[in-house]
Amino acid sequence: MDKPLDLLQGRLDRLIRTAVSFEPLHAYGMLLRIQQISKNRLEIQQGPLYPALYRLDHHRLTPAGKRRLQTEVEKWNRIADVIAGIPGTTTEEV
């Protein structure tokens, strides 16, 4: 199996919000949920998780926040699709 990708800096907060949007989780549960929803392609270490949780500690996902999260996820998916297609581009397509 491939080594899990390193987490891009600045994306952990979004991953945490996505993980807890399904149900409330404790810290270790968040680590497991992120691994699960990434199909084991991301492995979050505890070191960066706890400062992120501290930053987000008093935030709750409101209905407006859930809509914004959905918009951000859709934008992320579009960007990821574009980036994923770049390595397979042939000279005929350029």
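Start by selecting Ile79, which sits in helix H4 (residues 63-85); helices here are DSSP runs of H or I with at least four residues, strands are E runs of at least two, and both are numbered from the N terminus. This is a predicted model, in which local features need pLDDT of at least 70 and side-chain atom pairs count only at pLDDT 80 or more, while totals for chains, interfaces and linings use all residues. Residues are numbered from 1 along each chain as its sequence is written, and side-chain values use heavy atoms, with hydrogens and water left out.

Ile79 has 44% relative accessibility and therefore counts as partly exposed (buried is under 20% relative accessible area, exposed over 50%, partly exposed in between, with a 1.4 Å probe and protein chains only).

Is Glu72 buried or exposed? At 17% relative accessibility, Glu72 is buried. Setting aside neighbours within four places in sequence, Glu72 contacts Arg14 and Arg17, where contact means heavy atoms within 4.5 Å.

Now show the side chain of Arg14, which forms a salt bridge with Glu72 (3.0 Å, N to O). This pair links distant parts of the chain, with Glu72 in helix H4 and Arg14 in helix H1, 58 residues apart. A salt bridge means a side-chain nitrogen of Lys or Arg within 4 Å of a carboxyl oxygen of Asp or Glu. Glu72 also has a salt bridge to Arg68 (3.0 Å, N to O); shared partners join Arg14, Arg68 and Glu72 into one network. Arg68 and Glu72 are both in helix H4, four residues apart, about one turn of the helix. Arg68 itself is exposed, at 58% relative accessibility.

The structure holds three salt bridges, and another one to display is Glu23 with Arg33 (2.9 Å, N to O). Glu23 lies in the loop between H1 and H2 and Arg33 in helix H2, so the pair ties together parts 10 residues apart in sequence. Glu23 is partly exposed at 38%, whereas Arg33 is buried at 15%.

Move to helix H1 (residues 12-22), whose buried residues are Leu12, Asp13, Leu15, Ile16, Thr18 and Ala19. What covers the buried residues of H1? Among the elements doing so are helix H2 (27-37), H3 and H4.

For the last stop, select Arg60, in the loop between helix H3 (46-56) and H4. Arg60 is exposed, with 66% relative accessibility. Its C-alpha atom is 9.8 Å from that of Ser21, 39 residues away along the chain.

Zooming out, the protein has four helices and zero strands, in the pattern α-α-α-α. Of its 94 residues, 22% are buried.
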